[in-house]
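This briefing concerns domain packing and charged side-chain pairs. Please consult the sequence and the model while reading.

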Amino acid sequence: MNLTRRTLLVGSAAAATVLSVGAKASAAARPDTGVSAYAFPLTAVRLLSSPFTANAARIQSYLLFLNNDRLLHTFRLNVGLSSSATACGGWESPSTELRGHSTGHLLTGLAQAYASTGDTAYKTKGDQIVAVLAQCQARAATAGYNTGYLSAFPESFIDRVEARQSVWAPYYTLHKIMAGLLDMHLLAGNAQALTVLLGMASWVKFRNDRLTQTQRQNMLDTEFGGMNEVLTNLYQLTGDAAHLAAAQQFDHAEVFDPLAANQDSLNNYHANTQIPKVLGAIREYHATGTTRYRDIAVNFWDIVTRRHTYAIGGNSNGEYFKAPDRIASELSDTTAECCNSYNMLKLTRQLFFTNPTRTDYLDYYEKALYNHILASQDPNSSHGFQCYYVPLRAGGIKTYSNDYNSFVCCHGTGMESNTKFGDTIYFHDGGSTLYVNLFIPSILTWGAFSVRQETSFPEAGSTKLTVTGAGPFTMRIRIPGWASGAQIRVNGTVFSSPPAGAYAAVSRTWASGDVVDVSLPMALTREATNDNSTVQAVKLGPIVLAGLFGNSNLSALPALDPATLTPTSDGSVALQPFYKVHGQRYSVYWSVTGSPFVAHYPFDGSPADASGNGRTASIFSAGYVAGRTGNAVNLDGTAGYAALPSGILAGASNFTIALWVRLDTVTTWSRLVDFGTGTGAYLFLTPRSSAGTLRFAITTGGSGAEQRIEGPALIAGAWTHVAVTRSGNTGTLYVNGASAGTNTALTLGPSALGATTRNWLGRSQYADPYLDGALDNVRLYSRALSATEVNSLYTNGS
Ligand SMILES: [Zn+2]
């Protein structure tokens, strides 16, 4: 190897640039391609008091508590150096094949803690570890290993993985050490760390250049962490193409090929083995511009977050991905391995850099950060003990690691997750735009500006940003997808009421002391699982609430009546943010079979279901116009209608359908609502029957067997509230909040129709005319609202 000169030059340059506050994210020889947003260095963000600083303080205490010699014991023995230290236990015991991985995590944790706090104790400790690792690496030949080899286990483990013999995951462990060395170099300015890392990288290339492509691909069936990621990062840092070539030798075709074709083939794959590979793919895109790598990462993220992710943002059951959409059917004590979310968050921010117009990236980031990462450290441990799995079965309870006898993988990623909370709160665009992504109390230093964010979020749905410094820039504030009704004030004056799920831009020439207040209303909602719509989690804003069950184990999902849910509920089960639930049994998921509020379509520019039940409608040949409140869906009388999910009122005996309508034309036999399976079994509401009446009808025997309620026909041009209810055998038709007709022999309810498949607004089961007019606030319930409740909907326009 002949790399001393380049090493020293790159090392010093990188350290100087990264450590200077407000500099671009990377001191790399090669800029990332395909990115349009950038991170701030950890040095530019200081955290103010919050649950995150509490978690960080505990883990920082642990990082300083750990004894270096104990963490280096097996490294020394592996090259014939003496060590009198007490051996570690758990996954670091001298007989565990994964030994050494925690030392890598410790290096990253120390480097991040130093960058986040400026406390040189972390750097000093990390420097001491790097120095010993350098000694161990220098003895590789003496110990009978190839040049550059550095590990706590013998190189024969690599022979075994190449020969497809039984061995745990040697490259996984080497990746942690390499990543730790890179972080000590980039974040703590340690030049020796880069020298050692370059030695390891040369050794990796030497080992893999000797193999055929087939041998390498077979070897990749064994978990190897993010080898492609760290080697690509090294390529970006140094510009040496050998590292990219080495990285690409870890591109696992069996996993990448289906992802490139946007196929979900993840079933029965070990989850945390795959996520780092994909993190490598997005970095390979940033290094090469090859869009296939980007597609692999984007497709993987979409597949995992939409079809394999629990309400807390985690994935995997027993560490494995399952068939798509299996969520309610995969609740156990071994759900949601914490490493997976650590890696998914790293992937998410890289994807945001790639495409900052996608707002679902940071919505997911927030979801997993609060409900999984923050939720998985034991607040009763002064050393930040960490969950491995987060149980999501009813009656589950969190269990944690310990000082020296655990060292599971998630204990290691916990050291990393809890020392970098400042890394995603703010981004910039390389010019004069600042992204405010997360609502975590902190101070950002950005060139001539500083921004101080004060908030008690998520205890309260608001944040306050105070700017120091003068001059123009654009502040792009994330308005989360859950934050309907958000408002931004600048210096006390209302500036805008931005929509949910977008970045709101505040562009101005700032003066010191300018204050931006953001209010983010946190609604109580429920998130249904993909595979069982009655299994739901309760959320306040983005925060998952769990039911507290003390010492009571549960054998089934607890039942939840949503009507009893209020943020101040004094019911028999207390709900609490899941991230605060420790030391007792809990349930994140509930059985909501009795939920009477089935769906609510405000049609405020989207067909979304605002009930929280996720029963999104589909609209055809229709747009939006001003509604009774907000917007309404506008149907054209020729082809426009909305379709609701199958079985929308299945099982309901009593029911309510309530809606606002403004007819452009009163067309006989057009439909406000028509749910059915065809012309044999259906229920409908027409604004005008051939008898000149507003009519509700329901039948299981065609038109000749209809049971009806009649009222006064609707007129055109005015917003009218219409509701129909059934309680027992009494059906009531309401117009503008008052009873307009009854039928006390209404023996049929929606349950008699079975699981209806043709559930339409504005369209008939028959060849009747389409509705010509607008519909707003369509609400469905599986119970009869009272006359008072119906009148309240009318009075409130809701
Ligand atoms: Zn883990």
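Is R452 buried, partly exposed or exposed? R452 is partly exposed, with a relative accessible area of 35%, where buried means under 20%, exposed over 50% and partly exposed in between (1.4 Å probe, protein chains only). The model is predicted, so local features require pLDDT of at least 70 and side-chain atom pairs pLDDT 80 or more, while totals for chains, interfaces and linings use all residues. Residues are numbered from 1 along each chain as its sequence is written, and side-chain values use heavy atoms, with hydrogens and water left out.

**Domains**

- The assignment, which comes from an automatic or database source, gives domain 1 (43–250), domain 2 (252–376), domain 3 (427–519), domain 4 (524–592) and domain 5 (597–795).
- Between domain 1 and domain 2, the C-alpha centres are 24 Å apart.
- Contact (heavy atoms within 4.5 Å) involves 20 residues from domain 1 and 22 residues from domain 2.

**Interface of domain 1 and domain 2**

- The two domains bury about 1700 Å² between them, 54% of it on carbon and sulfur atoms; buried area is the accessible area (1.4 Å probe) that two parts lose on being put together, summed over both.
- F52, E223 and E229 account for 29% of the area that domain 1 buries against domain 2, more than any other three residues.
- One salt bridge is found across this interface, a salt bridge being a side-chain nitrogen of Lys or Arg within 4 Å of a carboxyl oxygen of Asp or Glu.
- E229 and K346 meet through their side chains in a salt bridge (3.8 Å, N to O).

**Salt bridges elsewhere**

- Over the whole structure, the search finds 34 salt bridges.
- R452 pairs with E454 in a salt bridge whose closest N and O atoms are 3.4 Å apart; E454 is partly exposed, at 33% relative accessibility.
- D514 and R508 form a salt bridge (3.2 Å, N to O); D514 is buried, with a relative accessible area of 8%, whereas R508 is partly exposed at 30%.
- K539 and E527 form a salt bridge, with 2.8 Å between the closest N and O atoms.
- This pair links distant parts of the chain, 12 residues apart, with K539 in strand β14 (residues 532–540) and E527 in strand β13 (residues 524–529); strands are DSSP runs (E, at least two residues), numbered from the N terminus.
- K539 is buried at 15% relative accessible area, and E527 is buried at 18%.

Terms used
Helices (H or I, at least four residues) and strands (E, at least two) are DSSP runs, numbered from the N terminus.
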